[in-house]
Amino acid sequence: MDIYRRHRPVHGGAGHVRPEEPLVLEEWDDFVYQVVGIAPHLAAAREWVNELQVGDAPAA
């Protein structure tokens with residue numbers, strides 16, 4: 001698995017269509033994605049996803 005963090009729109013659909021709406025933040029726990037928080041908008045969600053660099057272990 002090479003995607004340890006991802007974001008999803010709270011109300012479904014595509015996040016890029018409504019970038020000002022909140023997004024659910026999820027992390028991979030070696031079995032399933034677990035919800036770990038909420039981002040207020042798309043820019044904050046992308047920043048959170050990019051905090052984890054390639055080769056780093058996911059937060060435990």
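The legends below describe close-up views of a predicted model.

View 1. Three strands, in the order 1-2-3, make up an open sheet with antiparallel pairing. Strand 1 (5-9) and strand 3 (33-39) are the edge strands, and each has a single partner strand, so one side of each is left without a neighbour in the sheet. From one strand to the next, the twist averages 30 degrees.

**View 2. Pairing of strand 2 with strand 3.**

**View 3. The hairpin between strand 2 and strand 3.** The hairpin of strand 2 and strand 3 has 4 residues between the strands. In this hairpin Asp-30 takes a positive phi, near 75 degrees.

**View 4. Surroundings of Gly-37.** Gly-37 is a residue of strand 3. When neighbours within four places in sequence are left aside, Gly-37 is in contact with Leu-23, Val-24 and Leu-25. The C-alpha atoms of Gly-37 and Glu-27 are separated by 9.5 Å, and the two residues are 10 residues apart along the chain.

**View 5. The salt bridge of Glu-27 and Arg-5.** The side chains of Glu-27 and Arg-5 form a salt bridge, with an N to O distance of 2.8 Å. This pair links distant parts of the chain, with Glu-27 in strand 2 and Arg-5 in strand 1, 22 residues apart. Side chains of opposite charge can pair when their charged atoms come close. The model has 4 salt bridges by the rule used here.

**View 6. Helix 1 against the sheet.** Helix 1 (residues 42-51) lies across strand 1, strand 2 and strand 3. The direction of helix 1 is at about 165 degrees to strand 1.

View 7. The structure holds 1 cavity of 30 Å³ or more. The largest cavity has a volume of about 40 Å³. Its lining consists of Pro-9, Gly-12, Ala-14, Gly-15, Arg-18, Glu-21, Pro-22 and Leu-23. By class, this lining has 4 nonpolar, 2 polar and 2 charged residues.

How values were computed: Residues numbered from 1 in each chain as written. Predicted model: local features only at pLDDT ≥ 70, side-chain atom pairs only at ≥ 80, totals over all residues. Heavy atoms only, no water. Pairing = 2+ DSSP bridges. Helix = DSSP H or I, 4+ residues; strand = E, 2+ residues; numbered from the N terminus. Axes fitted to C-alpha atoms, helices over the stretch in contact; angles between N-to-C directions. Contact = heavy atoms within 4.5 Å. 1 Å grid on protein atoms, 1.4 Å probe; cavity = no way out; pocket = protein on both sides within 12 Å on 5 of 7 lines; lining within 4 Å. Points joined across faces, edges and corners; volume = space filled by probe spheres on them. Nonpolar A, V, L, I, M, F, W, Y, C, P; charged D, E, K, R; others polar.
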